[in-house]
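Have the viewer open and follow along.

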Amino acid sequence: MVKICCIGAGYVGGPTMAVIALKCPEIEVVVVDIAAPRINAWNSDHLPIYEPGLDDVVKQCRGKNLFFSTDVEKHVAEADIVFVSVNTPTKTQGLGAGKAADLTYWESAARMIADVSKSDKIVVEKSTVPVKTAEAIERILTHNRKGINFTILSNPEFLAEGTAIADLFKPDRVLIGGRETPEGQKAIHSLKSVYAHWVPEDRILCTNLWSAELSKLAANAFLAQRISSVNAMSALCEATGADVSQVSHSIGTDSRIGPKFLNASVGFGGSCFQKDILNLVYICECNGLPEVANYWKQVIKVNDYQKMRFVNRVVSSMFNTVSGKKIAVLGFAFKKDTGDTRETPAIDVCKGLLGDKAKLSIYDPQVTEDQIMRDLAMKKFDWDHPAHLQPLSPTSNKQVSVVWDAYEAIKDAHGICVMTEWDEFKNLDYQKVYDSMQKPAFIFDGRNVVDVNKLREIGFIVYSIGKPLDSWLKDMPAVA
Ligand SMILES: NC(=O)C1=CN([C@@H]2O[C@H](COP(=O)(O)OP(=O)(O)OC[C@H]3O[C@@H](n4cnc5c(N)ncnc54)[C@H](O)[C@@H]3O)[C@@H](O)[C@H]2O)C=CC1
Ligand SMILES: O=C(O)[C@H]1O[C@H](OP(=O)(O)OP(=O)(O)OC[C@H]2O[C@@H](n3ccc(=O)[nH]c3=O)[C@H](O)[C@@H]2O)[C@H](O)[C@@H](O)[C@@H]1O
């Protein structure tokens, strides 16, 4: 029986391995992690991450050919294929701070693999890593060699949160990069045969190691760039009376551009876009390509601009101050159908409003009070480390309350900020909402989910990203 071990039971390791176990009943899959609470949760009825369809997949194979364990060394030693799906945060100190990837967790995983191995292994980079990481990992693995052969492959993951199971069941492509040597090609073939259980062969792309590593960074950079491009247009739409949804639709029907990833928003969030682009920028700088670095840096700058533009809209619309005013924040996750808050734009928007002394009442159907308080207190980039290395208790904030119902959050508020596109925010009883608020009642829609005309009829002053401005907002500066 082929044995697979995955180091890192997170958003990628957990769902990816669960799907491999489901589709390959003859393969034993063990997911290991240093974080005991995470492993305990994977072994319980309350999985550590919320992902539609995941519970069902885990229930079907857990205890049969899918296992979760903290016994990292034992399972790595027994495995034929070791996936490494650990954190690769942005460095906060030293060389490359604020940009370069921190490979501490990857390096310690590689050293451990080298130490405990007693048989040949294929080591698979699942984490997103800087191009050429495989070279460094190979050195660590082979330096400690006791006659054992390690073959390294790059197999970056392209799933998106909220649709992880659907993405894994039917991926646009699976990418496998390896050395162009007989051993490298043999390892590619072995990994390919795992995915071939359910992925059509023409969707399994095989490249050299560096192309696979770079393709992952390039894919995220291109996706994020589309959002920054449409968000840049949204600012121009507001200034000119054009409607960004109409512009997106018009350009998206051009088959060369395509309709996806053209939704203007308060800004992109999530654990990877910013981190991976910063990493790309750093690699370009290190390779003496400052113009290329600056080109990609602009994608992040526009994203930061979009979040600040939103805060400034809120404050300037509400008579240039939100001090002491209750603002309801609807949604905190970085997108719908996930409880993940990593780099969510809601953090920057909330911090901006708190800076102007607003009182926030936050509601998200999947995010706990504990998590929100942690996020609002955490330093930039600190979230991307294993749980046991993060601050233990969240700092309470008197200006923030977290509630478990949208209407409760909204009651007596001066304004509403929609931060996540949860479906339930489309279907609120907005007449009831309006009646329960202070007047004038403002709604700032950072996700373009509300029916602007209907809300204006009720009496709301509505701001929607990139839409023709409410007459109330027309004379207000876009950036206060
Ligand atoms: N979250 C996502 O949607 C995607 C993430 N990625 C990449 O995948 C990698 C993992 O991301 P996530 O799963 O989101 O992170 P995560 O933080 O959810 O999971 C990483 C896990 O690795 C564990 N870990 C760290 N060092 C370890 C070690 N030495 N031994 C055992 N366990 C260790 C941590 O305790 C943590 O549970 C990152 O490189 C990320 O850029 C790629 C595609 C999608
Ligand atoms: O490497 C990763 O971590 C993953 O990053 C993204 O996936 P994810 O961050 O989970 O979610 P996306 O659907 O890409 O959304 C990212 C952010 O962009 C925002 N977004 C997305 C699309 C859009 O049109 N407009 C927009 O503002 C979302 O609201 C969200 O805040 C990529 O889509 C995945 O392919 C990749 O594997």
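## Where α9 meets α12

In helix α9, Ala221, Ala224, Gln225, Ser228, Asn231, Ala232 and Ala235 are in contact with Trp296, Val299, Val302, Asn303, Gln306 and Arg309 of α12. Sorted by class, this contact holds seven nonpolar, five polar and one charged residues. Please keep in mind that you are looking at a predicted model.

For α9 and α12 (residues 290–317), the angle is about 45° and the axes are 9 Å apart. That angle makes α9 oblique to α12. The crossing of α9 past α12 is left-handed.

## α11 against α12

Helix α12 also packs with α11 (residues 273–286), here at an angle of about 165° and with the axes 8 Å apart. Angles over 145 degrees count as roughly antiparallel, so α11 is roughly antiparallel to α12. α11 passes α12 in a left-handed crossing.

On the α11 side, the contact is formed by Gln274, Ile277, Leu278, Leu280, Val281, Cys284 and Glu285, and they meet Pro290, Val292, Ala293, Trp296, Lys297, Val299 and Ile300 of α12. The class count for this contact is eleven nonpolar, one polar and two charged residues.

## α5 and α6

The next pair to find is α5 and α6, whose axes come within 8 Å and cross at roughly 30°. The two helices are therefore roughly parallel to each other. Their crossing is right-handed.

From α5, the residues in this contact are Glu107, Ala110, Arg111, Ile113 and Ala114, while α6 supplies Ile137, Ile140 and Leu141. By class there are six nonpolar, no polar and two charged residues.

## The two domains

Stepping back, the protein is divided into domain 1 (3–199) and domain 2 (221–474). Their C-alpha centres lie 32 Å apart. The contact takes 21 residues from domain 1 and 22 residues from domain 2. On the side of domain 1 that touches domain 2, the residues divide into eleven nonpolar, six polar and four charged.

## Around ligand 1

Which residues come nearest to ligand 1? Of the 27 residues around ligand 1, these are Gly8, Gly10, Tyr11, Ser127 and Pro386. Helix α5 (residues 104–116) gives the most to this shell, with three residues.

In terms of class, the shell around ligand 1 has 13 nonpolar, ten polar and four charged residues. Domain 1 and domain 2 both give residues to the shell, so ligand 1 lies between them.

## Around ligand 2

Ligand 2 has 21 residues around it, and Asn263, Ser265, Phe268, Gly270 and Cys272 come nearest. Helix α9 (residues 209–240) gives the most to this shell, with three residues. The shell residues divide into eleven nonpolar, seven polar and three charged.

Why does ligand 2 lie between domain 1 and domain 2? Ligand 2 is placed there because both domains give residues to its shell.

Two loops hold backbone features to look for. In the loop between α16 (430–435) and β13 (442–445) you will find proline 440.

Lysine 132 has a positive phi of about 90°, although it is not a glycine.

Definitions and conventions. Residues are numbered from 1 along each chain as its sequence is written. Chains are lettered from A and ligands numbered from 1 in the order in which they are written. This is a predicted model: local features need pLDDT of at least 70, side-chain atom pairs count only at pLDDT 80 or more; totals for chains, interfaces and linings use all residues. A residue is near a molecule or strand if its C-beta atom, placed from the backbone, lies within 6 Å of it. Helices (H or I, at least four residues) and strands (E, at least two) are DSSP runs, numbered from the N terminus. Ala, Val, Leu, Ile, Met, Phe, Trp, Tyr, Cys and Pro count as nonpolar, Asp, Glu, Lys and Arg as charged, and the others, Gly among them, as polar. Domain bounds come from an automatic or database domain assignment. Axes are lines fitted to C-alpha atoms, for helices over the stretch in contact, and angles run from 0 to 180 degrees between N-to-C directions. Angles under 35 degrees count as roughly parallel, over 145 as roughly antiparallel, 65 to 115 as roughly perpendicular and the rest as oblique. A crossing is left-handed if the near helix is turned anticlockwise from the far one by less than a right angle, and right-handed if clockwise. Two residues are in contact if their C-beta atoms, placed from the backbone, lie within 7 Å.
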